[in-house]
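Please prepare a report on helix packing and backbone geometry for the structure shown here.

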Amino acid sequence: MISLRPMRDSEFLAYLDYFIPDYASEIASNYRLSDNESLAQAKQEIASDLPDGVDTIGHVLLCLIDPTGTPEKVIGYLWYKQDPTMRTAFISDFHIFPAYQGQGLGKQALEVLENDLKRKGFQQIKLRVADDNKRARHVYEATGFRVTGINMSKPLVSK
């Protein structure tokens, strides 16, 4: 079974190397911004959301560990924000490296996360998935997530 462990400071830059371009691409695709605007927005948002990196209070950054790997091998990332008062966790990012996709590891990771959060007294996991990310939506739906609404956006630009 896949395991999750806290991300180390030394792994945070590698995480940003993956996350920023990936998130910028999602922003460009879903919000119709230019590549430069999307990259700037992704950098600004990550700096705002995680000002203290892996030590940012209320945020949990995890590495997904290959269940068969010796020595330990990171095969993806999971970042969630905790709301202990509401007993909810909001997944901000979940990524399995392409070489490990399609093997059921995403479903395993979500099961491990769910069990860990239950032990800690959490009652709900929330997330947002981009409309064009069919693979992620399939994994989430297969593990029990259901659509609770639809986010919509309209850019306000001068013509």
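The report takes the helices and their contacts in turn, and then some backbone torsions.

## Basis of the model

This is a predicted model, in which local features need pLDDT of at least 70 and side-chain atom pairs count only at pLDDT 80 or more, while totals for chains, interfaces and linings use all residues. Residues are numbered from 1 along each chain as its sequence is written, and side-chain values use heavy atoms, with hydrogens and water left out.

Helices (H or I, at least four residues) and strands (E, at least two) are DSSP runs, numbered from the N terminus. Helix α2, residues 35–49, has 15 residues and reaches 21 Å from its first C-alpha to its last, close to the 21 Å expected at 1.5 Å a residue, where the expected span is 1.5 Å times one less than the number of residues. Ser 38, Ala 42, Glu 45 and Ile 46 are buried in α2, buried meaning under 20% relative accessible area, exposed over 50% and partly exposed in between, with a 1.4 Å probe and protein chains only. Seen down the axis of α2, these buried residues fall within an arc of 95°, so they line one face of the helix; the arc is that of the directions from the helix axis to the C-beta atoms. An α-helix has 3.6 residues a turn, so residues three or four places apart point the same way.

The buried residues of α2 pack against α1 (9–31) and β3 (74–83), with contact meaning heavy atoms within 4.5 Å. The axes of α1 and α2 come within 8 Å and cross at roughly 130°, which makes α1 oblique to α2, and the crossing is right-handed. Axes are lines fitted to C-alpha atoms, for helices over the stretch in contact, and angles run from 0 to 180 degrees between N-to-C directions. Angles under 35 degrees count as roughly parallel, over 145 as roughly antiparallel, 65 to 115 as roughly perpendicular and the rest as oblique. A crossing is left-handed if the near helix is turned anticlockwise from the far one by less than a right angle, and right-handed if clockwise. Residues of α1 that meet α2 include Leu 16, Phe 19 and Tyr 23.

In α3, Leu 105, Gly 106, Ala 109, Leu 110, Leu 113 and Leu 117 are buried. They cover an arc of only 135° around the axis, which puts them on the same side of α3, whereas Lys 118 and Arg 119 are exposed on the other side. The buried residues of α3 pack against β1 (3–6), β2 (59–65), β3, β4, β5 (124–127) and α4.

Helix α3 (residues 105–119) and α4 pack at an angle of about 50°, with their axes 10 Å apart, which makes α3 oblique to α4. In this contact Gly 106, Lys 107 and Leu 110 of α3 meet His 138, Val 139, Tyr 140 and Ala 142 of α4. Tyr 140 is buried, with a relative accessible area of 9%, and, not counting residues up to four places away in sequence, touches Phe 94, Leu 110, Leu 127, Val 129 and Phe 145.

## Positive phi angles

Most residues other than glycine have a negative phi. Arg 32, in the loop between α1 and α2, has a positive phi near 55° and counts as exposed at 62% relative accessibility. Arg 87, in the loop between β3 and β4 (88–96), has a positive phi of about 60° and counts as partly exposed at 40% relative accessibility.
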